[in-house]
Amino acid sequence: MGFESFGTVSFTAEAKVADFVTYLEQGKVMATQCKNCGAKYFPPQMDCPRCLSTDAEWFEVKGSGKLITYTTVQYGPSGFENDAPYTLVIVDFADGLRIFGRLSRDIKESDIKIGMDVKVVPVKLADDRISYEFQRA
Amino acid sequence: MEEVAIVGVGQSTFTRKCGVSVRELCFQAYKEAMEGLDITKDDIDASIVCSAPEYDKQRTPSGLISEYLELTPKPTFYVESVCSSSSTGLRVAWSLIKSGLHKVVAVIGFQKMSELTSREAAERMGRGGDIIWESPFGITMPAGYAMYARAHMAKYDTTEEQMAMVRVKNSSYGARNPKANYRKELSIDDVMNSDVITSPLKMFDCCANCDGSSSIIVARGDVAKRVSKIPIWVIGVGAATDTMTMSGRKSVTGLECSQEAARQAYEMAGVKPEDIDVAEVHDCFTISEILAYEDLGFAKPGEGARLIEEKQTYADGKIPVNVDGGLLSKGHPIGATGGSQIRTIVRQLRGEATEAQVKGAEIGLVHNVGGVGQYGNVTILRR
C-alpha cells in the first residue's frame with residue numbers, strides 16, 4: 001500500500017516512505033529521523049542527504065503547533081472542483097518541523113488567526129481515502 | 001574573460017489565443033530580435049529554447065524551432081525553470097560565450113497555453129506542487145503566493161488596497177503597451193471588487209496565462225560592438241533555488257531565492273540597489289511585486305507596500321518598476337516571460353521605450369521567478 005489513497009487526489013503511489021499512509025490509518029501522523037546523524041524530516045524521507053544514510057526511523061508529530069500562514073482556495077484544480085472552498089495552511093511544530101496541509105472545515109475563515117494553536121490529526125475522506133488536517137488545539 | 005552583450009531583443013504580442021503554430025509564434029520574436037543587426041542566421045553558433053514542457057504538445061521543441069529558423073547544424077537545446085526559463089536561457093548563453101565556446105547565441109522562449117484545453121490546463125495546474133506531499137491537498141500557484149501575502153499582511157500590516165495599487169500602476173502602463181494582452185486601466189475599486197480566487201488574492205491580483213514568444217540575441221563583446229549600434233552589457237547574473245514544498249521554506253514573508261540571486265548579481269555587477277535606474281520584476285501576482293521590492297533591496301523588509309503607496313515605482317519615481325505593464329498586464333506565457341522582461345530593459349537602456357521611457361536610464365535589472373518562489377533569477381544590464 002502506498003500513496004494511492006492519500007489526499008483528495010493522488011498522483012503517484014510507490015515510495016520508501018509509504019508507511020506514512022499505514023501510520024495514518026493507525027491514527028498517527030509521523031515524521032522521520034535519520035538513525036545515523038539524527039536529522040529530522042517532514043515531509044518524511046528515508047534518505048539523508050546530510051550523511052548519505054538510507055536508514056531512518058519514524059516518530060509521531062505530537063502536541064500543538066502554530067499556524068504561520070493560510071489561504072482559502074475558491075477554485076481548485078482538476079479533481080478538486082467540488083472540494084473548494086478549502087483552506088491551506090503551514091504550521092510550525094517543535095524540533096523545526098514545518099508541515100503543510102488543510103485546516104479543518106470546522107474553523108471558519110473569519111476565525112482563523114495567524115499564530116493560533118493547532119494540532120495535526122489523521123482524517124478519513126470519501127471513497128476510502130485518507131489524509132490529515134489541522135484542528136484547533 | 002570576454003564581455004557579453006545583448007544585441008537583439010524581440011517578442012510577439014502576448015495574447016490569450018495566438019492562432020498560429022509554435023514555430024510561427026517563435027518566428028515573430030526572432031524576427032524582431034534579428035532585424036537591424038549586421039548578422040544573419042549563419043552567424044548564430046547555438047540556440048537555446050526555453051519553455052515549460054508540460055504545456056507543449058510537441059516533444060523536444062528545440063529541434064523543431066532550430067529547423068524552422070534554419071539554424072541547423074548548429075547545436076540547439078532546451079532549458080526549463082518554469083516561469084523563469086528564458087532568464088535561465090540567458091544565463092546559459094552568457095556562460096557559453098564567457099567560456100569561449102561560442103560567439104553568438106540565440107535564446108528563444110515561448111509558450112502556447114491555448115494548445116491545451118481548459119481541462120488539460122487545470123490538470124497540469126494540480127501537479128505544480130510536490131505531487132506526493134502537497135498537490136494531494138489541492139495547492140495551486142496562486143495559493144502559494146496567497147500564503148506569502150497573508151503572512152506579509154500579518155507581519156507588516158500590508159493591506160489588500162496596497163496590493164491593488166500595484167495592479168493599478170501596472171495597468172496604466174499595460175494600456176500603452178501594444179504587445180500587452182490586457183490593455184485596460186484598472187482602479188483600486190476594480191481590483192478590490194473582483195472575485196476572490198484564493199484569499200486574499202482576487203482576480204485582478206493575478207496575471208493571466210497567455211500565448212507568446214520572446215527572443216534575445218547574445219554576443220561576445222567584440223562581435224557586439226561590430227553588429228550593434230548600442231550593445232547592452234550583461235554585467236551581473238544571479239540564480240538561486242528554494243524548496244519545492246511550501247513547508248520547506250524558511251521564510252513566508254520574502255522569497256529567499258530572489259534575495260540570493262540578487263546578492264550574486266549585485267556583487268558581480270559591482271552595483272547597489274540604489275544604482276538601478278529601471279527594473280522589471282516578476283509580478284505574477286500583486287503581492288509578488290511587493291515582495292520583489294524588498295527582496296531586491298529597493299525597500300527594507302516590510303516597507304515594500306509603502307513604496308507603491310508613495311508611487312515611487314512609477315516611471316517618474318525613485319525606482320521605476322514594470323513600466324511596460326508587467327506580467328499583470330502583458331500576460332504570462334511561461335517560457336517567454338523572462339525574455340520579454342529583458343527586452344523591456346534593453347529598450348529602456350537604449351532609449352527606445354517610447355511608451356514609457358525612463359529618462360537617462362543606464363543600469364537596469366530583471367527579476368524573474370519560476371514557480372512559487374522556487375527558481376530565482378536576477379540579471380543586471382548596463383548601457
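**Figure 1. Helix 1 of chain B and its surroundings in the predicted model.** Helix 1 of chain B covers residues 22-34, and at 1.5 Å a residue its 13 residues should span 18 Å, which agrees with the 18 Å between its end C-alpha atoms; the expected span is 1.5 Å times one less than the number of residues. Helices (H or I, at least four residues) and strands (E, at least two) are DSSP runs numbered from the N terminus. This is a predicted model, in which local features need pLDDT of at least 70 and side-chain atom pairs count only at pLDDT 80 or more, while totals for chains, interfaces and linings use all residues. Residues are numbered from 1 along each chain as its sequence is written, and chains are lettered from A and ligands numbered from 1 in the order in which they are written. The buried residues of the helix are Val22(B), Leu25(B), Cys26(B), Phe27(B), Gln28(B), Ala29(B), Tyr30(B), Ala33(B) and Met34(B), where buried means that 20 or more other C-beta atoms, placed from the backbone, lie within 10 Å of the residue's own. These buried residues pack against strand 1, helix 2 (61-68), strand 4 and strand 7 of chain B, and just after the helix Gly36(B) takes a positive phi of about 85°.

Figure 2. Strand 7 of chain B, residues 211-220, is mostly covered, with ten of its ten residues buried. From this strand Asp211(B), Ser213(B), Ser215(B), Ile217(B) and Ala219(B) point one way, whereas Gly212(B), Ser214(B), Ile216(B), Val218(B) and Arg220(B) point the other way. In a regular strand the side chains alternate between the two faces of the sheet. Strand 1 of chain B (residues 4-11) pairs with strand 7 of chain B in the antiparallel sense over seven bridges, and two strands are said to pair if DSSP finds at least two bridges between them. Within this pairing, Gly8(B) has Ile217(B) as its bridge partner in strand 7 of chain B. Strand 4 of chain B (residues 104-112) also pairs with strand 7 of chain B in the antiparallel sense, over nine bridges, and here the bridge partner of Lys112(B) is Asp211(B).

**Figure 3. The largest nonpolar core and Met147(B).** The largest nonpolar core has 157 residues, such a core being a set of buried Ala, Val, Leu, Ile, Met, Phe, Trp, Tyr and Cys residues joined through C-beta atoms within 7 Å. The residues with the most contacts inside this core are Ile6(B), Val105(B), Val107(B), Ile108(B), Tyr145(B), Met147(B) and Val218(B), and its largest share, nine residues, comes from helix 5 of chain B. Leaving aside its neighbours within four places in sequence, Met147(B) is in contact with Thr69(A), Tyr70(A), Thr71(A), Leu88(A) and Ile90(A), as well as with Met246(B) and Val252(B); two residues are in contact if their C-beta atoms, placed from the backbone, lie within 7 Å.

**Figure 4. The side of chain B that touches chain A.** In the model, 30 residues of chain B are in contact with 35 residues of chain A. Helix 4 (118-125), helix 5 (141-156) and strand 5 (196-198) of chain B are the elements that give two or more residues to this side, and helix 5 of chain B supplies the largest share, six residues. By class, the side of chain B that touches chain A has 17 nonpolar, eight polar and five charged residues, where Ala, Val, Leu, Ile, Met, Phe, Trp, Tyr, Cys and Pro count as nonpolar, Asp, Glu, Lys and Arg as charged, and the others, Gly among them, as polar.

**Figure 5. An open sheet of three strands in chain A.** Chain A has one helix and eight strands, which follow the pattern α-β-β-β-β-β-β-β-β along the sequence. An open sheet of three strands in this chain has the order 2-1-3, with antiparallel pairing. Strand 2 (40-41) and strand 3 (56-60) of chain A stand at the edges, each with a single partner strand, so one side of each is left without a neighbour in the sheet. Strand 1 of chain A, residues 30-34, pairs with strand 3 of chain A in the antiparallel sense over five bridges, and the bridge partner of Met30(A) in strand 3 of chain A is Glu60(A). Of the 137 residues of chain A, 35% count as buried.

Methods. A residue is buried if 20 or more other C-beta atoms lie within 10 Å of its own, exposed if 12 or fewer, and partly exposed in between; C-beta atoms are placed from the backbone.
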